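Please look over the model below before reading my notes. The points follow the strands, the cores and the charged pairs.

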Amino acid sequence: MADENGWSRVIGADEVPDGKPVRVESPWGAVLVYARSEDVFAIANTCTHQGAPLHRGPIDVRTGTPIATCPAHGSMFDLATGAVRRGPATHPVPAYETRVAGDDVEIRPRPVS
């Protein structure tokens, strides 16, 4: 359940290993949470191409922003924005704002621009 500002706790900060994607449940459905150093990213966990779980694919950190690769057909999604970086997917996945509040990772939907 989200608080009055839209934030929802999804996992304890100590449960997100650095450099390993984790699948969590949120009020908005399944979410991939990924931590790298002090940065935490969150996107919807379902590929928009054919619905594969993104947390099962590799994360490429060679670029400025980590990129999740779908394990089924190789679509790539920017973990900061949810944008498609390589198809066959043609639609982005929802991306979430993240914060560490105390011992918890919290997320909320990014505003649509």
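1. Terms and basis. Two strands pair if DSSP finds at least two bridges between them. Helices (H or I, at least four residues) and strands (E, at least two) are DSSP runs, numbered from the N terminus. This is a predicted model: local features need pLDDT of at least 70, side-chain atom pairs count only at pLDDT 80 or more, and totals for chains, interfaces and linings use all residues. Residues are numbered from 1 along each chain as its sequence is written, and side-chain values use heavy atoms, with hydrogens and water left out.

2. The open sheet. Its 4 strands follow the order E5-E6-E7-E8, with antiparallel pairing. Strand E5 (59-60) and strand E8 (84-86) are at the edges; each has a single partner strand, so one side of each lacks a neighbour in the sheet. Inside the sheet, strand E6 (residues 67-69) and strand E7 (residues 76-78) run antiparallel and are joined by 3 bridges. Across that pairing, alanine 68 faces phenylalanine 77 in E7.

3. Most residues other than glycine have a negative phi. Serine 37 sits in the loop between strand E3 (29-36) and strand E4 (39-44). Serine 37 is exposed, at 64% relative accessible area. The cut-offs here: buried means under 20% relative accessible area, exposed over 50%, partly exposed in between (1.4 Å probe, protein chains only).

4. Cysteines. How many disulfides are there? The count is 0, where a disulfide is a pair of cysteine sulfur atoms within 2.5 Å. Cysteine 47 is in no disulfide; the nearest cysteine sulfur is that of cysteine 70, 3.8 Å away. Cysteine 70 is likewise in no disulfide, and its nearest cysteine sulfur is that of cysteine 47. Cysteine 47 is buried at 3% relative accessible area. Cysteine 70 is buried at 5%.

5. Nonpolar cores. A nonpolar core is a set of buried Ala, Val, Leu, Ile, Met, Phe, Trp, Tyr and Cys residues joined through side-chain atoms within 4.5 Å. In soluble globular proteins, nonpolar side chains tend to be buried together. The largest core here has 16 residues; Leu32, Ile43, Leu54, Phe77 and Leu79 touch the most other members. E3 and E4 are the elements that give two or more residues to this core. E4 supplies the largest share, 3 residues. Another core lies apart from it, with 13 residues, including Ile11, Val33, Val40 and Ile107.

6. Around isoleucine 43. Contact means heavy atoms within 4.5 Å. Leaving aside neighbours within four places in sequence, isoleucine 43 is in contact with Val31, Leu32, Leu54, Ala68, Phe77, Asp78, Leu79, Gly82, Val93, Pro94, Ala95 and Tyr96.

7. Aspartate 60. This residue is in strand E5. Is aspartate 60 buried or exposed? Its relative accessibility is 16%, so it counts as buried. Its side chain reaches the backbone nitrogen of arginine 62 at 2.8 Å. Beyond neighbours within four places in sequence, aspartate 60 is in contact with Thr65, Pro66 and Ile67. The side chains of aspartate 60 and arginine 62 also meet in a salt bridge (2.9 Å, N to O). Arginine 62 counts as exposed, at 74% relative accessibility.

8. Salt bridges. The rule is a side-chain nitrogen of Lys or Arg within 4 Å of a carboxyl oxygen of Asp or Glu. The count comes to 8 salt bridges. One of them joins arginine 99 and aspartate 3 (3.9 Å, N to O). Arginine 99 lies in strand E9 (residues 95-101) and aspartate 3 in the segment before strand E1 (8-12), so the pair ties together parts 96 residues apart in sequence. Arginine 99 is partly exposed at 32% relative accessible area, and aspartate 3 is partly exposed at 31%. Asp3, Arg99 and Glu106 are linked in a network of salt bridges.

9. A further pair. Glutamate 97 and arginine 108 meet through their side chains in a salt bridge (2.5 Å, N to O). This pair links distant parts of the chain: glutamate 97 is in strand E9 and arginine 108 in strand E10 (residues 104-109), 11 residues apart. Arginine 108 is partly exposed, with a relative accessible area of 24%.

Key
Polar contact = N/O pair within 3.5 Å; in protein donor to acceptor, adjacent residues only side chain to side chain.
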